[in-house]
Amino acid sequence: MDKSSIIFGNEIDKKTIKKANKSKKKYMKSYGDDSSKDYKLAFKPIETLDFIGVSNIIFSNDSLEFPKNALIVGNIRMGFGHYRISIAMASAAKALGYEPLWLDLASFDATGSKMIRKQNELYSKASRISQKSHLFNHFFWEPLNKDGFKEITYNAKDQKNSELLVPIFKNIPKDIPFIATHVWPSQGAIHAGMKNVVNAIPDNWPMGLHLSEGAIHTVQTPFAYLGYKTLNGFAKKPLKGIPEKDLKMVGRYVDHELLVNLEEDNLKRIERINNDKPLRILITVGGAGAGFNMFLGMIKHLLPYVKENKVTLFINYGDHEDVYNKMLKKIPEINNYIKYFNQYSELKEFVKNAYTNDIKGIISIYNKDIFQAVYSTNLLMPISDLLITKPSELVYYPIPKLFMRHIGGHEVYGAINGQELGDSTFECPSLKEINIMLDKLISDKEILIHMIKEINRLKSIGAYNGAYECVKLAVGDYKNE
């Protein structure tokens, strides 16, 4: 069924439809027409995520039978964010008794996968340029992410392109519960006829980009709910919004492992702060590797605090060893501290000891394996006192946060949500403002303690239960209370 011509009862103009068809044809010309292919599927355990029993869906010579209690998490590698949310969904599925399967649509040798990889390449490149060029960021990248992606007409093009993903779904049973952490897997699943699809929207800024009619759309905040309920600002004229049956506000998408001992982790944070232990600060380098100068400036500013044993610094470089090497040239002394480079089991042992032992200095982490790169931040969050991050998917995680400048205008509204709920600072757009905020957080212990208490309050009212609720929606066990 064509989903580019009419979107939630809103008719799309012929010019836009023509452009959408042209876009799909362009990718078919570049990467071939695989609509008649019979891609057989098998499963390969993801070793890094063995504690939740996740298996990756891969192409194979022979198709294997899907487990009876399977739940598929459909995703793509675009930065780290969609992988991080996918891990949260898989974790919640496991906790609720289901067997999570991982479907990365960008990972296959298929036409639709090549289309995704091309778009991701362009997105990552633009993200990096936006951090270097003020003009590019101001006149192109910010408007595109905030306003361009918001238009409902943008969805028409994506819907047409996502038809290229259908062959990958051919041998997936149509009734398996399916949670998508990016709109393309959701659109592909709907085009392929899957019946129980949840489209887990990651951002707080409502955009046409995230629409996938036929799926249940989930959001994490009231602001996002109202935006999608009305589709306000998606076109110059008023639009019909998303019906209630297709839209649910579920709370923040967070892993079961980060929630199960959260109160105890928060108690230890408060004890460390009150006992004047070194403040444990976690800095994460995102999947696109952008923002180097900001990271450099923060680390230089924090070095005196590290030497005075007022701060312990965890730096997760993700899978960007090049960022570490650049940092090493600017700050050679970081090589004198602890490193865990492709030493994931050693990092896990370090984290285990850090629950009860004092930690000093700088700990640098790098893993070439994407799952280890992403999950290292999850391992470090419970033993950290403050997370420094841009306001992307980590906005919603239960740890005190200092927000760097956003990358893309859509991230602004995640920062606003965090500061209003009280578990985060406001967005600090310049290095000077970040360092001023760091000085305040280090010297005024009441600020972080207040954030920690707010996190406990949010946990008590179910604000972090979004991943569980998505699983319940996908399997038909959701109760709208």
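Thr312 counts as buried because its relative accessibility is 0%; buried means under 20% relative accessible area, exposed over 50% and partly exposed in between, with a 1.4 Å probe and protein chains only. The model is predicted, so local features need pLDDT of at least 70 and side-chain atom pairs count only at pLDDT 80 or more, while totals for chains, interfaces and linings use all residues. Residues are numbered from 1 along each chain as its sequence is written, and side-chain values use heavy atoms, leaving out hydrogens and water.

Thr312 sits in strand E12, residues 311-316 (strands are DSSP runs of at least two residues, helices, H or I, of at least four, numbered from the N terminus). Not counting residues up to four places away in sequence, Thr312 touches residues including Pro278, Arg280, Ile359 and Ile363, where contact means heavy atoms within 4.5 Å. A polar atom of the Thr312 side chain lies 2.5 Å from the backbone oxygen of Ile359.

Ile359 and Ile363 are also touched by Phe350, along with Phe314, Tyr340 and Ile383, again not counting residues up to four places away in sequence. Phe350 is, with Leu49, Met89 and Ile179, among those touching the most other members of the largest nonpolar core, which has 59 residues. Such a core is a set of buried Ala, Val, Leu, Ile, Met, Phe, Trp, Tyr and Cys residues joined through side-chain atoms within 4.5 Å. Helix H2 (residues 81-95) supplies the largest share of this core, 8 residues. A second, separate core of 41 residues includes Ile283, Phe295, Leu313 and Ile388.

Cys428 counts as buried because its relative accessibility is 1%, and Cys470 is buried at 0%. The structure holds 0 disulfides, a disulfide being a pair of cysteine sulfur atoms within 2.5 Å.

Key:
Polar contact = N/O pair within 3.5 Å; in protein donor to acceptor, adjacent residues only side chain to side chain.
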